[in-house]
Amino acid sequence: MTLAARVCPDDDPEALLAALRARVGALRFDALPLWDPAPTSRAKVVSVMPPAHYEQAVARATERIAAGDLQKVVLAREVDVHAGADHDPAATLGVLREAFPSCFVFAVGRGDATLVAASPELLVRRDGLRAGTLALAGSTRRSAEPSVDRHLSEQLLRSAKDREEHAIVIRRIAEALSPLSVWVTAPDEPVTVQVANIQHLATPIRAQLARPVSVLSLAGTLHPTPAVGGEPLATAAPMIPALEGLDRGWYAGPVGWVDTNEDGEFCVALRCALLRGPLARLYAGVGVVRESDPAAELAETDVKLQALLPVLSG
Ligand SMILES: C=C(O[C@@H]1C=C(C(=O)O)C=C[C@H]1O)C(=O)O
């Protein structure tokens, strides 16, 4: 177990240590979190805005792209799960850790709200002068039938639309890292990565930093990549809230850790839900490019929502 503490300049280290020890001691006596796979009352799942609103937003974005002032914009939608009882963040976290072993699984609490996620997307990792990140964009569903699953993966690799959506992210990451680096390198061809419910085009990107820029500052330089924002960002940024009509909150933000050497790791808060009492708000977005079809993009948000929906709706 790793404990993190928020330290202020006037804090007494001994008192902080004692508080952390007391917290660990208290945890030992807490009841084990229990996820109930067969709750007596059914959860209610509702799209916050009608799905047609999302399709219209995608259509309007493609018009802006066709007009020539934008290459890509990522648009998200929200779905609420009203459960019969309060959601249990610890139990949810336990289930996500089992179901998504290759993802960044976390829970961050503040006040009465907890953000839980199983994100496949690394924003940045720094170890001394080495930095690593992942371009992740371009998606398709999975199939339980291995040959169909492989076919879907090959289709994704051959899809010009998805390859372009993906290339925009690589280009921007390389442009952001280059001024800080001796070299930035990425394989010529993406691979597909499979998570439980979806597969994505992925390209790992590595850089040798020219000076020890902190991981926090690297995260600030890279975020938001066009995997969650858009290209060019200055055009996409004001369009996103206007078209989505929602408050993203912590969704798509960087979440991670920093050590005393300023090394660390940040992922992008995707495949996440904000839990507050019996309400869970889920978010899912897609990259919209010129060829995007509104119905297909809506369907892709449904696939992405399937990461957390079965866990939260019982
Ligand atoms: C925006 C999300 O995912 C991002 C968008 C992707 C896409 O459009 O293909 C793929 C992975 C993520 O970078 C999300 O999950 O909400």
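**View 1. Here are the residues around the ligand.** Among the 17 residues around the ligand, the nearest are S139, A227, L270, G285 and G287 (a residue is near a molecule if its C-beta atom, placed from the backbone, lies within 6 Å of it). This is a predicted model, where local features need pLDDT of at least 70, side-chain atom pairs count only at pLDDT 80 or more, and totals for chains, interfaces and linings use all residues. Residue numbers start from 1 along each chain as its sequence is written. At least two shell residues come from each of β2 (72-82), β6 (130-141) and β14 (279-288) (strands are DSSP runs of E, at least two residues, and helices are runs of H or I, at least four, numbered from the N terminus).

**View 2. Now for helix α3, residues 89-99.** Look for T92, L93, V95 and L96, which are buried (20 or more other C-beta atoms lie within 10 Å of a buried residue's own, with C-beta atoms placed from the backbone). They sit on the same side of α3 because they cover an arc of only 165 degrees around the axis (the arc is that of the directions from the helix axis to the C-beta atoms). The buried residues of α3 pack against β3 (104-110), β4 (113-119) and α9 (309-313) (contact puts two C-beta atoms, placed from the backbone, within 7 Å).

**View 3. Next up is helix α5, residues 160-177.** Its 18 residues reach 26 Å from first C-alpha to last, close to the 26 Å expected at 1.5 Å a residue (the expected span is 1.5 Å times one less than the number of residues). Buried residues of α5 include D162, H166 and R172.

Definitions and conventions
Buried ≥ 20, exposed ≤ 12 C-beta atoms within 10 Å, placed from the backbone.
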